[in-house]
Amino acid sequence: MQSTKKNIILNKFFDIITRFVNKYGMYYLSVKKLPKLNGNVDVIVHDNIKIQSEDVAIIIQGPIKCEENFTLNTVKLYKKIFSNSEIIVSTWTDQDQIQLKLLRELGVTVVESSPLDNRGSGNVNAQLLSSLKGFNSIKGDQIKYVLKTRSDQRIYYPGTLGYLKGLLNILDNKDGNNRIICVDNISNCLDRLPPFYIIDYLYFGEKNQIERLLNIPFNECEYKDGFDLMKKLQLSSLPDAYEQCKYNIPPEYYITVMYLKSLGENGNFFDYEYFYECLKKYFIQISTQDIDLYWPKYYAKYNQPVSILKKDENVFHQTENMNFQNYVNIINDFK
């Protein structure tokens, strides 16, 4: 009863704020509410959506987010909306054992890895190891697709898996290299998107493609903070920026380039036009809003759905983000 009253008060509060901003502000404001799922997860999912999850393994990778049982409640939600998927939580031996016990009681596979001595530039080695350990724990012979996500992020859209598989079918690559689906950048921490900087929050694709992506060599450099590395990429001269970073570059760039090299690509990885050619050939970029992906770390501060395309030396690039709309505009420009 008290929770109901609180929700009524909050709804009125947001209604007042929205009306005030829309009337007197310089922008229109809209509010999207996503349930925290602190209690029982009560979601009705149609049978056709359940069928879409039968051949998909979901790897939830990273440290357990214990605040408000976030990772635990995410798994509870996935057990409802992706009920036929094989769910694997791949994390570390130093995590909260009570949380891990509760996760196992939900019937999901929990993989624990020992923390690495060398986590690599921007934690890339830790991400690769944890993700690959999760991948190698897939048991079902029926699994054709793999979705890799973060343990501190949550997908709310029940039709996500059907949507992602549908995109792979509609945008089928006739060259034989099936595409991997990625998402746009929630944090918008760059003033423009550097070439080959493809966000690593989420990967979806056919099982063999995800295995190839995760099997790239470890980064040999010592750990450096990802934000410090990304700031260097905002310099006006991109080759100079990468030269300063050496191999201490953001994991997003490292994973993308090493994956493309494993496919035989070896062009100029500082060049926008080459980037867009590879983007069209090997990847599909979607928007986080397409699947209601929520990241409490940055969502409220940075979530900006609008990006601006600019023309620079006859090649389009955008100042903020690579969402699905920009992706379609760009690949249409490279026929």
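Guide: Val 89 stands opposite Val 110 in S3, and 5 bridges join strand S2 (residues 86-92) to S3, the two running parallel; strands pair when DSSP finds at least two bridges between them. From S2 the chain crosses through helix H4 (residues 97-105) to S3 in a right-handed β-α-β crossover, meaning that, with the strands pointing away from the viewer, the path from the first strand over the helix to the second runs clockwise. Helices (H or I, at least four residues) and strands (E, at least two) are DSSP runs numbered from the N terminus. Because 4 of the 5 residues of strand S3 (residues 109-113) are buried, S3 is largely enclosed by the rest of the structure; buried means under 20% relative accessible area, exposed over 50%, and partly exposed in between, with a 1.4 Å probe and protein chains only.

The model is predicted, with local features needing pLDDT of at least 70 and side-chain atom pairs 80 or more, while totals for chains, interfaces and linings use all residues. Residues are numbered from 1 along each chain as its sequence is written, and side-chain values use heavy atoms, leaving out hydrogens and water.

As for the rings, a search of the whole structure finds 12 aromatic pairs, where rings of Phe, Tyr and Trp (its six-membered ring) pair if their centres lie within 6.5 Å, with planes under 30 degrees apart counted as stacked, over 60 as edge-to-face and the rest as tilted. Tyr 201 and Trp 295 form an edge-to-face pair, 4.7 Å centre to centre with 65° between the planes, and both residues are buried.
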